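This report describes a protein model and is intended for a reader who has the sequence and coordinates at hand. It turns to the interface, then to a helix pair, and lastly to points of local backbone geometry.

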Amino acid sequence: MILLYLVLVFWGWMTIYSASYNYEESLSIFNMDLVSGKQFLWICISMVMAVVLLLLDSRWYQDVANVAYVLILLLLMFTIVVAEDVKGSRSWLFIGPFSLQPAEFAKFATSLALARYISKNGFDLKHSRRDYLAFFIILVPVMLIIMQKEMGSALVYFALFLVLFREGLTPWILGAAFSAILIFIVSIRFSENVFWEATSLGTFLALLFIQVLLLSWFSLANRRETMMRRVLLALMLIPLFLACLCNAFFWQFDLAYVLLGSLALSLIYITWASLKKNLKNVFALVASIVMAIAFLYATDFLFEKVLQPHQQMRTKVFLGMIDDPNNAGYNVNQAKISIGSGGFLGKGYLEGTQTKLKYVPEQDTDFIFCTIGEEFGFLGSTLLIVLYVYFMIRLILLAERQRHRFSRVYGYCVVSIFFFHVLINLGMVLGIMPVIGIPLPFFSYGGSSLLGFTILLFIFLRLDADRLRISV
Amino acid sequence: MSKDYSSRSTVIIAMVVVVALAYIVRLAHLQLFSDEYERSADRNAQHVKTIYPERGILYDRNGEVMVYNSVYYDLMVTTREMKNLDTLSFCRHLGINVEDFDKRMKEIRNRRINPGYSSYTPQVFMPQLSMEACAPLQEHLFNYPGFSLQKRSLRSYSRPVAAHALGYVGEVNRRDLENDAYYAVGDYSGRSGIERMYEEKLRGEKGKEFYLRDVHGRIKGRFANGNKDVPPVPGKDLTLSLDADLQAYAESLMQNKRGAVVAIEPSSGEILCYVSAPTYDPSLLVGNGSSEHYRALSDSPYKVFLNRPIQSFYPPGSTFKTLQALVLLQEGIITPQTKYACHQGYSFAGMKLGCHSHESPMALAPSIATSCNAYFAAAYRAMVDDEKYGSSQASMQVWRNHVSSFGYGEKLGVDIAYEQSGFIPDENFYDKLYGKRGWKGATIISNSIGQGEILATPMQIANLCAIIANRGWYYTPHMVKAIEGESLDPRFTTPHRVSVDSVHFQPIVDGMRAAVTESFGTSRGVAVPGIEVCGKTGTAQNAGVDHSIFMCFAPKENPQIALLVFIENGGFGATWAVPMASLLLEQYLKGDIAPNRKWMETRLLNANLMEVEPEQK
């Protein structure tokens with residue numbers, strides 16, 4: 001594990017050197033004028049930190065978990081107040097020559113606190129409402145980081161819900177979140193009006209999706225009610241079919257109202273039938289569907305009012321609604337070009353033209369993967385992805401072999417955070433995720449993030465080393 | 001005890017693997033199955049600099065350089081790359097003022113004036129600066145991003161002669177850009193003459209140098225260490241068949257006259273001399289001011305740009321009698337001994353085709369020598385109306401086929417751009433004009449003496465002379481004798497046989513010789529001491545003063561030159577055209593003019609026929 005860590009960090013360091021390399025003057029990789037020189041310093045600091053962490057008693061981490069959490073929350077608040085504005089965010093603290101991003105360190109602190117909370121006796125999300133307090137452990141730093149205007153880092157904490165899922169959180173919540181994102185995207189993406197009334201194609205599709213959701217959920221929950229399923233299917237298809245006929249031959253009206261109508265009828269029918277037959281789970285179903293419809297009609301409002309204009313822009317570019325290779329889409333477009341031009345074997349180390357000639361912005365930080373894609377090609381990029389996958393699966397297996405719930409939960413926190421970073425960062429660079437500025441672990445230049453990831457990982461390695469100890 | 005959810009770890013592992021697979025598929029899509037990104041990357045990072053090859057050099061037949069290249073610089077601007085321009089100091093380096101600068105920039109950006117405009121590609125800001133003119137700018141060029149100097153070579157001429165033959169080089173137009181992918185906006189290509197006909201030989205192949213360009217448009221070095229660079233291939237040198245001395249001498253004799261002089265080496269079809277008068281200094285159409293010069297020349301009332309040897313056409317007059325005689329002999333209408341009476345002309349159907357007074361009747365050779373109209377009118381009429389053909393239409397068709405085999409009525413295919421074909425009427429033409437039964441020999445009698453509907457270019461007449469000199473065959477006249485490292489187009493090295501047998505040429509040659517030697521001959525003035533010259537005068541009837549035509553070849557046996565002199569409004573041939581031909585023959589065959597003939601030269605040099613015949617109608 002430590003070897004894997006060293007490989008990733010070293011490769012990252014090489015890549016940072018390549019990304020900052022200049023054709024005209026080839027400076028040494030250690031040159032402090034280059035980011036690679038500075039990164040070397042951070043690597044040294046991280047190594048020292050790793051050794052220190054491995055030397056500490058594993059029980060100590062459990063003890064300080066809450067203290068660290070509270071301290072880091074205070075630090076985050078402190079940062080909001082004193083931090084200077086750097087590129088629109090107030091997340092940097094300057095201590096002498098160093099600049100630190102406390103949000104990076106909040107990750108391990110939050111993970112420790114979450115692990116500590118979940119590992120208390122009798123934690124069970126299914127039976128104890130009080131245990132939903134775990135949500136707050138996650139959401140408080142999120143709030144603070146949003147206040148620093150660091151959307152990307154704040155989103156990372158939602159990865160910790162994966163941990164809760166492992167510890168018994170019902171998958172319906174993840175499903176609901178996924179559905180919400182889908183509804184949001186569909187209704188924004190297809191906002192042009194194709195029918196004769198004010199309702200957009202997106203809304204129409206989203207309503208259809210909700211119908212499908214309703215049917216499948218009901219079918220899953222009540223496998224024996226074949227008759228009811230048929231009635232529901234009829235309730236949805238017949239009005240739509242009639243309405244289409246009507247639209248085609250007689251007069252034209254908004255099909256969305258038909259879908260809404262059949263949804264309403266279905267819900268009434270389900271409620272009525274369940275009261276008669278005493279079916280289970282129906283309340284949650286009806287409530288969810290109503291919420292989904294409400295959410296659908298709220299998306300426009302959310303999009304227009306809650307998101308910042310530049311975020312609206314990015315969203316639209318990402319969804320392919322507007323083509324804008326010069327502004328919002330520039331980064332992603334250039335990233336795709338540089339990766340795409342790498343071919344199978346790549347152009348060779350330090351030979352990439354796109355990254356060397358600075359066509360890709362932020363190429364030493366968030367877009368560092370471009371350099372790998374261009375210089376090492378498909379082979380190198382795939383190798384890196386495989387390394388990450390191996391790294392994460394190994395972490396999951398390590399977490400699973402823990403005897404203590406604290407260690408296991410903390411292990412999953414580490415996995416979730418790494419997974420989210422890799423998922424979003426690579427997805428963004430490959431142009432299949434929206435542009436959210438978070439670093440690629442061990443690769444992106446940045447002392448805080450390297451140190452943060454190192455601490456996160458090595459605390460777990462220390463815990464793992466002590467997994468056989470009996471007492472907690 | 002809470003439920004064990006450890007099976008969910010499998011779900012999480014599955015998520016990780018699925019995401020990883022999706023990303024690898026995406027990577028494969030970007031990197032393996034689409035070269036669109038590679039091309040975009042090249043567009044991003046490669047700056048291609050075009051290296052222009054040296055255009056081929058033109059030599060005359062004796063190896064004297066006629067056209068070569070000198071180096072100039074085009075100042076180019078890529079408007080998108082212009083940044084923080086200090087207009088004032090920029091203009092100071094160039095020696096222009098700010099208003100000029102603004103005006104020029106506006107012109108560049110105006111797509112109506114500059115249809116190939118793009119803000120990404122270099123546009124010509126100021127063309128053709130000499131090395132001295134751009135030296136002060138060159139040192140400071142790095143201060144002006146977006147501006148660059150493009151080395152160009154421009155045509156230079158060692159003597160101001162042969163403008164119409166050589167043609168000129170100019171910027172390509174939109175049609176060239178569409179038709180030939182080789183050209184880019186602002187390139188130069190041959191616009192006329194040899195420069196146009198041999199453009200693909202002369203231009204060579206452009207070279208390319210690939211540079212790396214960063215996101216700010218700065219050049220950061222060679223792409224792939226210059227391994228992808230393509231060196232330019234210089235254009236091929238051409239050796240022209242022109243004799244520069246003869247050419248210069250002919251042009252000087254033609255000064256202040258309008259007309260054409262064409263000389264052909266009969267044994268090779270090579271054009272020795274090619275004058276279109278009035279002419280101009282070809283260097284006027286090169287470099288700065290060329291467009292003003294161009295406008296001035298094309299506005300001239302004397303039609304300077306009319307390439308008279310191949311583009312003007314007139315009735316060939318009496319020179320055509322030689323061809324008539326050959327056709328009549330071949331068809332057996334006459335023999336060399338056939339005589340026709342001439343009573344100061346030929347009377348037919350109550351009309352009379354006049355002739356001057358001379359001995360009568362006469363055989364063929366003396367009739368050519370004295371240019372008897374009656375002889376050819378009677379013989380031509382006899383042919384058209386001869387019953388062996390069955391109809392006027394049929395005999396006309398036979399006649400026309402013979403005439404066409406001499407290259408009349410169609411383009412000869414010379415290697416100078418924009419040749420015209422002249423005109424030889426056929427039976428359909430007269431059917432349309434007079435009705436199917438409405439014409440016979442008498443109706444079209446003017447054709448017999450080269451008037452009427454017959455039209456020929458000076459080149460065609462010169463070629464006729466070469467055919468007679470060769471006794472029945474010719475090479476397509478051409479101006480390029482040799483191409484560096486290549487053989488000539490086979491159409492210039494394949495002899496054409498005319499449809500008249502060689503035996504029939506002797507009386508014609510004798511007649512043309514008699515025209516020079518006999519007292520009744522029309523061409524006595526062409527005689528050059530010690531050289532057997534054969535000649536035939538002609539007069540193209542004109543609304544004003546007639547055009548004079550004279551064709552001749554020398555020596556009679558193994559002819560070395562066939563010459564045509566055509567002078568617009570020159571009147572009777574003997575006045576100007578014949579003595580001029582005499583001087584040119586002497587110059588070419590002897591190398592200079594005998595002192596006792598200098599008076600002829602002076603007389604011709606001083607003659608001004610420019611203003612004769614101001615539109616008489």
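Between chain B and chain A, an area of about 3,800 Å² is buried, and carbon and sulfur atoms give 72% of it. On the side of chain B, the residues that lose the most area to chain A are Arg8(B), Tyr23(B) and Gln31(B), which together account for 18% of what that side buries. The model is a predicted one.

In terms of contacts, 34 residues of chain B meet 52 residues of chain A. Four elements of chain B each supply at least two residues of the side that touches chain A: helix H1 (8-31), helix H2 (36-45), strand E8 (207-213) and strand E9 (219-222). The largest share, 17 residues, comes from H1(B). Classified by residue type, this side of chain B has 22 nonpolar, six polar and six charged residues.

Within chain B, helix H3 (residues 87-94) packs with helix H5 (residues 131-140) at an angle of about 145°, and their axes are 7 Å apart. H3(B) contributes Phe90(B), His93(B) and Leu94(B) to this contact, and H5(B) contributes Pro136(B), Leu137(B) and His140(B). Four of the residues in the contact are nonpolar, two are polar and none is charged.

In chain A, Arg408(A) is located in helix H17 (residues 405-429). Arg408(A) counts as buried because its relative accessibility is 16%, which is under the 20% cut-off. Apart from neighbours within four places in sequence, Arg408(A) is in contact with Arg166(A), Glu167(A), Ala399(A) and Gln402(A).

Most residues other than glycine have a negative phi, and most peptide bonds are trans.

| Site | Feature | Value |
|---|---|---|
| Ala277(B) to Pro278(B) | cis peptide bond | omega near 0° |
| Ser360(B) to Pro361(B) | cis peptide bond | omega near -10° |
| Ala162(B) | positive phi | about 60° |
| Asn569(B) | positive phi | about 55° |

Pro278(B) lies in the loop between strand E12 (270-277) and helix H11 (290-299), and Pro361(B) in the loop between strand E14 (351-354) and helix H14 (364-370). Ala162(B) is found in the loop between strand E5 (147-157) and helix H6 (163-166); with 1% relative accessibility, Ala162(B) counts as buried. Asn569(B) is placed in the loop between strand E20 (561-567) and helix H20 (577-590), and Asn569(B) is buried, with a relative accessible area of 3%.

Note on methods: Residues numbered from 1 in each chain as written. Chains lettered and ligands numbered in written order. Predicted model: local features only at pLDDT ≥ 70, side-chain atom pairs only at ≥ 80, totals over all residues. Heavy atoms only, no water. Contact = heavy atoms within 4.5 Å. Buried area = accessible area lost by both parts, 1.4 Å probe. Nonpolar A, V, L, I, M, F, W, Y, C, P; charged D, E, K, R; others polar. Buried < 20%, exposed > 50% of the residue type's maximum accessible area, 1.4 Å probe, protein only. Axes fitted to C-alpha atoms, helices over the stretch in contact; angles between N-to-C directions.
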